[in-house]
Amino acid sequence: NISFTMNTTNAPQMIEYTSKSLGFTPHDTKWIPRSARIVCTGISPGSKGALRIYELQRDGTKEIFQDLALRPNGIKCTTFGA
C-alpha cells in the first residue's frame, strides 16, 4: 500500500482579492499590461460580446468600463497583440 502526499509549500498560490457578480458568463480574464487593471470578457444573456474592466484598489476593485453588447457574438479569448 503506497501513499503519496503532495508538498504544496513551493507551489503557486491563488488568493481571492475580491468577488464580483458580473451579469454575464465570463470566458477569459487577463491582467492589462503595466497597470493595476484586469479585463473580463465573455457573453451576455443576449448572446452579445461582453467586456468589463476593473481597477485594483486598496479596498477592492472599481469598475471603470462596461459594455455588454461590444460585439455581435460572445468573446471567448482576450489577447494584447503586439
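I began with Glu55 and looked up its bridge partner in S4, which is Lys62. The model I am reading is predicted.

Next I checked the strands around that pair. Strand S3 covers residues 49-57 and pairs with S4 in the antiparallel sense. I noted 8 bridges between S3 and S4.

Then I traced the whole sheet. I found an open sheet of 4 strands in the order S1-S2-S3-S4, with antiparallel pairing. S1 (25-31) and S4 (60-71) are the edge strands. Each has a single partner strand, so one side of each lacks a neighbour in the sheet. I logged an average twist of 20° from one strand to the next.

I moved to the S1 end. S1 and S2 (residues 37-43) pair in the antiparallel sense over 6 bridges. Their hairpin has 5 residues between the strands. There I picked out Arg34, which takes a positive phi near 55°.

I stopped at Asp28, which lies in strand S1. Thr41 in S2 stands opposite Asp28. Is Asp28 buried or exposed? I looked up a relative accessibility of 12%. The cut-off for buried is under 20%, so Asp28 counts as buried.

I also checked what surrounds Asp28. Its side chain makes a polar contact with the side chain of Lys30, at 3.1 Å. I then set aside the neighbours within four places in sequence. Asp28 is in contact with Val39, Cys40 and Thr41, and also with Lys76, Cys77 and Thr78.

Methods:
Residues are numbered from 1 along each chain as its sequence is written. This is a predicted model: local features need pLDDT of at least 70, side-chain atom pairs count only at pLDDT 80 or more; totals for chains, interfaces and linings use all residues. Side-chain values use heavy atoms; hydrogens and water are left out. Two strands pair if DSSP finds at least two bridges between them. Helices (H or I, at least four residues) and strands (E, at least two) are DSSP runs, numbered from the N terminus. Axes are lines fitted to C-alpha atoms, for helices over the stretch in contact, and angles run from 0 to 180 degrees between N-to-C directions. Buried means under 20% relative accessible area, exposed over 50%, partly exposed in between (1.4 Å probe, protein chains only). A polar contact is a pair of N or O atoms within 3.5 Å; within protein, one must be able to donate a hydrogen and the other to accept it, and residues adjacent in sequence count only if both atoms are side-chain atoms. Contact means heavy atoms within 4.5 Å.
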